[in-house]
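Q: Please take a close look at the nonpolar core of this model and the parts around it. Keep it brisk.

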Amino acid sequence: MQIGADNSDEAMRVVSDLYNSGQIDIPGETVDVKFGITEDVKRKHILFTGEAYVKNDNIAFNNETFVNNLILIDSTLPPILAHMIKNHIDGKHILISCLTKMCAEENLCNIKSKYFVLSYYIKKITDFLYAALHGLKFDETWNGECKTKGFYIFDNGVSFSMYDLKNMLDYIYENAYIEIVDKVAMGERTKYTWQICL
(Lines give C-alpha, C1' and ligand atoms only; values in the text may rest on other atoms or scores of the structure.)
Protein backbone atom coordinates (compact mmCIF):
# COMPACT_ATOMS: atom_id res chain seq x y z
CA MET A 1 0.00 0.00 0.00
CA GLN A 2 1.38 3.44 -0.88
CA ILE A 3 0.29 6.60 0.89
CA GLY A 4 0.91 9.97 -0.73
CA ALA A 5 1.60 13.09 1.33
CA ASP A 6 3.12 16.50 0.69
CA ASN A 7 5.10 16.67 3.94
CA SER A 8 5.97 14.65 7.04
CA ASP A 9 3.22 16.20 9.18
CA GLU A 10 0.56 15.20 6.65
CA ALA A 11 2.13 11.74 6.29
CA MET A 12 1.99 11.25 10.06
CA ARG A 13 -1.67 12.33 10.14
CA VAL A 14 -2.63 10.00 7.28
CA VAL A 15 -0.85 7.00 8.81
CA SER A 16 -2.25 7.76 12.26
CA ASP A 17 -5.82 8.12 10.92
CA LEU A 18 -5.47 4.89 8.96
CA TYR A 19 -4.13 3.01 11.97
CA ASN A 20 -6.82 4.36 14.33
CA SER A 21 -9.58 3.45 11.85
CA GLY A 22 -8.73 -0.23 12.24
CA GLN A 23 -8.39 -0.67 8.47
CA ILE A 24 -4.85 -2.03 8.73
CA ASP A 25 -5.22 -5.75 9.38
CA ILE A 26 -2.89 -7.76 7.17
CA PRO A 27 -1.82 -10.89 9.09
CA GLY A 28 1.26 -12.64 7.79
CA GLU A 29 2.44 -9.70 5.67
CA THR A 30 5.01 -7.03 6.38
CA VAL A 31 3.80 -3.46 6.39
CA ASP A 32 6.63 -1.08 5.50
CA VAL A 33 5.89 2.62 5.87
CA LYS A 34 8.45 4.93 4.28
CA PHE A 35 8.41 8.69 4.08
CA GLY A 36 9.81 10.01 0.83
CA ILE A 37 9.82 13.78 0.69
CA THR A 38 11.61 14.81 -2.46
CA GLU A 39 12.22 18.49 -1.74
CA ASP A 40 13.76 17.85 1.70
CA VAL A 41 15.11 14.32 1.81
CA LYS A 42 17.16 14.71 5.00
CA ARG A 43 15.75 17.28 7.33
CA LYS A 44 18.19 18.32 10.07
CA HIS A 45 17.02 18.10 13.68
CA ILE A 46 19.02 20.43 15.95
CA LEU A 47 19.31 19.03 19.47
CA PHE A 48 21.64 21.63 20.95
CA THR A 49 23.48 24.84 20.05
CA GLY A 50 26.48 26.19 21.95
CA GLU A 51 29.66 28.26 21.74
CA ALA A 52 33.31 27.44 22.33
CA TYR A 53 36.49 29.51 22.22
CA VAL A 54 39.83 28.29 20.89
CA LYS A 55 43.09 29.98 21.85
CA ASN A 56 46.57 28.51 21.34
CA ASP A 57 45.05 25.12 20.51
CA ASN A 58 43.08 25.07 23.80
CA ILE A 59 39.29 25.07 23.88
CA ALA A 60 37.06 26.61 26.55
CA PHE A 61 33.41 27.24 27.26
CA ASN A 62 33.28 30.84 28.48
CA ASN A 63 29.66 30.48 29.57
CA GLU A 64 29.57 29.75 33.31
CA THR A 65 25.91 28.73 33.16
CA PHE A 66 26.64 26.09 30.53
CA VAL A 67 29.63 24.72 32.45
CA ASN A 68 27.54 24.51 35.63
CA ASN A 69 24.77 22.74 33.72
CA LEU A 70 27.30 20.20 32.41
CA ILE A 71 28.66 19.67 35.94
CA LEU A 72 25.10 19.07 37.14
CA ILE A 73 24.91 16.17 34.67
CA ASP A 74 28.44 14.96 35.45
CA SER A 75 31.54 16.74 36.75
CA THR A 76 33.72 15.20 34.01
CA LEU A 77 31.55 16.44 31.13
CA PRO A 78 33.13 19.90 30.51
CA PRO A 79 36.57 18.55 29.51
CA ILE A 80 35.07 15.55 27.64
CA LEU A 81 32.75 17.71 25.54
CA ALA A 82 35.46 20.33 24.97
CA HIS A 83 37.82 17.62 23.73
CA MET A 84 35.18 16.24 21.36
CA ILE A 85 34.45 19.68 19.89
CA LYS A 86 38.18 20.36 19.52
CA ASN A 87 38.66 17.06 17.66
CA HIS A 88 35.76 17.99 15.40
CA ILE A 89 37.20 21.46 14.71
CA ASP A 90 40.52 19.78 13.88
CA GLY A 91 38.70 17.71 11.24
CA LYS A 92 39.05 14.36 12.99
CA HIS A 93 35.38 13.39 12.79
CA ILE A 94 31.79 14.62 12.71
CA LEU A 95 29.86 11.78 14.45
CA ILE A 96 29.34 11.96 18.21
CA SER A 97 29.91 8.20 18.53
CA CYS A 98 33.32 8.39 16.81
CA LEU A 99 34.38 11.45 18.81
CA THR A 100 33.37 9.63 22.01
CA LYS A 101 35.53 6.66 21.02
CA MET A 102 38.47 9.04 20.51
CA CYS A 103 37.98 10.32 24.07
CA ALA A 104 37.97 6.72 25.30
CA GLU A 105 41.17 5.93 23.37
CA GLU A 106 42.88 8.93 24.96
CA ASN A 107 41.18 8.13 28.30
CA LEU A 108 40.93 11.74 29.45
CA CYS A 109 39.52 10.78 32.86
CA ASN A 110 42.19 8.12 33.54
CA ILE A 111 39.78 5.21 34.01
CA LYS A 112 41.84 2.30 35.35
CA SER A 113 39.94 -0.71 33.99
CA LYS A 114 40.52 -0.94 30.24
CA TYR A 115 37.31 -2.99 29.84
CA PHE A 116 35.23 -0.17 31.32
CA VAL A 117 36.70 2.83 29.49
CA LEU A 118 34.49 3.05 26.39
CA SER A 119 31.24 2.40 28.28
CA TYR A 120 32.23 5.14 30.76
CA TYR A 121 32.49 7.79 28.03
CA ILE A 122 29.39 6.55 26.20
CA LYS A 123 27.38 6.88 29.44
CA LYS A 124 28.56 10.47 29.97
CA ILE A 125 27.73 11.52 26.41
CA THR A 126 24.34 9.77 26.29
CA ASP A 127 23.43 11.51 29.58
CA PHE A 128 24.32 14.83 27.93
CA LEU A 129 22.34 14.00 24.77
CA TYR A 130 19.34 12.97 26.86
CA ALA A 131 19.46 16.28 28.75
CA ALA A 132 19.84 18.23 25.48
CA LEU A 133 16.80 16.45 24.10
CA HIS A 134 14.71 17.19 27.18
CA GLY A 135 15.36 20.79 28.16
CA LEU A 136 19.07 21.60 28.60
CA LYS A 137 19.99 24.92 26.95
CA PHE A 138 23.38 26.56 26.52
CA ASP A 139 22.71 29.84 28.33
CA GLU A 140 19.82 29.01 30.69
CA THR A 141 20.19 27.68 34.21
CA TRP A 142 18.96 24.10 34.28
CA ASN A 143 17.64 22.30 37.35
CA GLY A 144 18.27 18.78 36.10
CA GLU A 145 14.63 18.06 35.29
CA CYS A 146 13.90 16.36 32.00
CA LYS A 147 10.46 17.13 30.66
CA THR A 148 8.79 14.37 28.67
CA LYS A 149 8.55 15.17 24.96
CA GLY A 150 7.44 13.19 21.98
CA PHE A 151 10.33 12.57 19.60
CA TYR A 152 9.94 11.60 15.98
CA ILE A 153 12.39 11.43 13.10
CA PHE A 154 10.06 11.25 10.15
CA ASP A 155 12.57 11.31 7.33
CA ASN A 156 14.21 8.08 8.45
CA GLY A 157 10.90 6.41 9.30
CA VAL A 158 11.95 6.24 12.95
CA SER A 159 9.83 7.03 15.98
CA PHE A 160 10.30 6.41 19.70
CA SER A 161 8.05 6.49 22.73
CA MET A 162 8.98 7.24 26.33
CA TYR A 163 8.85 3.48 26.95
CA ASP A 164 11.66 2.92 24.45
CA LEU A 165 14.35 5.00 26.11
CA LYS A 166 17.35 2.71 25.56
CA ASN A 167 16.69 2.31 21.82
CA MET A 168 16.11 6.04 21.48
CA LEU A 169 19.40 6.90 23.21
CA ASP A 170 21.27 4.28 21.18
CA TYR A 171 19.84 5.79 17.97
CA ILE A 172 20.75 9.35 18.96
CA TYR A 173 24.25 8.34 20.08
CA GLU A 174 24.95 6.51 16.81
CA ASN A 175 23.47 9.18 14.50
CA ALA A 176 24.07 12.56 16.18
CA TYR A 177 26.84 14.72 14.75
CA ILE A 178 28.54 18.05 15.47
CA GLU A 179 28.32 20.89 12.98
CA ILE A 180 30.13 24.24 13.09
CA VAL A 181 27.67 26.95 12.08
CA ASP A 182 29.80 30.05 12.67
CA LYS A 183 33.45 30.96 13.20
CA VAL A 184 34.55 34.44 14.33
CA ALA A 185 38.15 35.56 14.90
CA MET A 186 38.41 37.66 18.09
CA GLY A 187 42.02 38.76 18.41
CA GLU A 188 44.04 35.88 19.88
CA ARG A 189 41.07 33.54 20.09
CA THR A 190 38.37 32.24 17.78
CA LYS A 191 34.73 31.77 18.71
CA TYR A 192 32.94 28.76 17.25
CA THR A 193 29.19 28.32 17.31
CA TRP A 194 28.44 24.59 17.16
CA GLN A 195 25.37 22.42 16.99
CA ILE A 196 24.57 18.83 17.77
CA CYS A 197 22.23 17.59 15.04
CA LEU A 198 20.46 14.49 13.85
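A: Contact here means heavy atoms within 4.5 Å. By that criterion, and not counting residues up to four places away in sequence, Phe-48 touches Phe-66, Phe-128, Ala-132, Leu-136, Lys-137, Phe-138, Trp-194, Gln-195 and Ile-196. The model is predicted: local features need pLDDT of at least 70, side-chain atom pairs count only at pLDDT 80 or more, and totals for chains, interfaces and linings use all residues. Residues are numbered from 1 along each chain as its sequence is written, and side-chain values use heavy atoms, with hydrogens and water left out.

Now the core itself. A nonpolar core is a set of buried Ala, Val, Leu, Ile, Met, Phe, Trp, Tyr and Cys residues joined through side-chain atoms within 4.5 Å. Buried means under 20% relative accessible area, with a 1.4 Å probe and protein chains only. The largest such core has 43 residues, and those touching the most other members include Phe-48, Phe-66, Phe-128 and Trp-194. Among the elements that each supply at least two residues are strand 1 (46-55), helix 2 (64-73) and strand 6 (189-197). Helix 5 gives the most, with nine residues. Helices (H or I, at least four residues) and strands (E, at least two) are DSSP runs, numbered from the N terminus.

Next, helix 2. Its buried residues include Phe-66, Asn-69, Leu-70 and Ile-73. Strand 1, helix 3, helix 5 and strand 6 are among what covers them.

Definitions and conventions: Buried < 20%, exposed > 50% of the residue type's maximum accessible area, 1.4 Å probe, protein only.
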